[in-house]
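Please read them with the structure open beside you.

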Amino acid sequence: MAIRLGDTAPDFTAETTEGTIHFHEYLGDSWGVLFSHPKDFTPVCTTELGAFSKAKAEFDKRDTKLIGLSVDDVTSHNKWAGDIEETQGEALNFPLIGDEDRKVAELYDMIHPNADNTLTVRSVFIIGPDKKVKLTLTYPASTGRNVDEVLRVLDSLQLTADYKVATPVNWKEGEDVIIVPAVSDEEAKERFPKGFKALKPYLRVTPQPNL
Ligand code: BEZ
């Protein structure tokens, strides 16, 4: 069954390039990004795993654990890791699940039979410290993901978890945010001491509150 926002991220135990992982235990109290790769030794996936590894420090800063998946076994992943380091200039530095029986791929509905019967699509799940799914993204095998977009969404999710705000189109860390409509003007004056501009009664903009 499809996984929807607000669902509890299904737990599982799997072999990975960093040993056996119990997913919820691995996440602990951190945020998590689980993302699937159609197959080992494929070109787009090779670039993605290099790019996510290069950005690992940015995910650490956001208290976020990365975990990838590909529907081949860990022996194959370990061989592929050599190619990733050689061609992308960065070693794989987070666990990659060996999912040759497609157990986790099926649990997370990562195989879309009308796209491909056996390979996964490029799924991304962002999971909060409460183990609830906060974001899902689905790309076709032919389109590599954008690491900056995953980081940008994490910034928005982490901000909006703590403040009664939403982030506007193309928002990036440091830019003004929107006060959610459920907050009255009176409450907004208390909650947002830097002030706000009301472009419309429902469109009120305030500086990012945690800076
Ligand atoms: C790739 O990662 O390059 C890829 C994987 C499966 C199908 C097409 C491309």
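1. Among contacts in the protein chain between residues at least 6 apart in sequence, what percentage join residues at least 24 apart? In this predicted model, the share is 65%.

2. As for the chain as a whole, the protein has 7 helices and 11 strands, and its C-alpha trace spans about 60 × 35 × 30 Å along the principal axes. Of its 211 residues, 44% count as buried.

3. Strand E6, which runs over residues 122-127, deserves a careful look, since 6 of its 6 residues are buried. Arg122, Val124 and Ile126 point one way from E6, whereas Ser123, Phe125 and Ile127 point the other way, and residues of both sets are buried.

4. E6 pairs in the antiparallel sense with strand E3 (residues 31-37) over 4 bridges, and within this pairing Gly32 stands opposite Ile127 of E6.

5. E6 also pairs in the antiparallel sense with strand E7 (residues 133-139), here over 6 bridges, with Ser123 standing opposite Thr138 of E7. The hairpin formed by E6 and E7 has 5 residues between the strands, and in this hairpin Lys131 takes a positive phi near 70°.

Methods: Residues numbered from 1 in each chain as written. Predicted model: local features only at pLDDT ≥ 70, side-chain atom pairs only at ≥ 80, totals over all residues. Heavy atoms only, no water. Buried < 20%, exposed > 50% of the residue type's maximum accessible area, 1.4 Å probe, protein only. Helix = DSSP H or I, 4+ residues; strand = E, 2+ residues; numbered from the N terminus. Pairing = 2+ DSSP bridges. Contact = heavy atoms within 4.5 Å.
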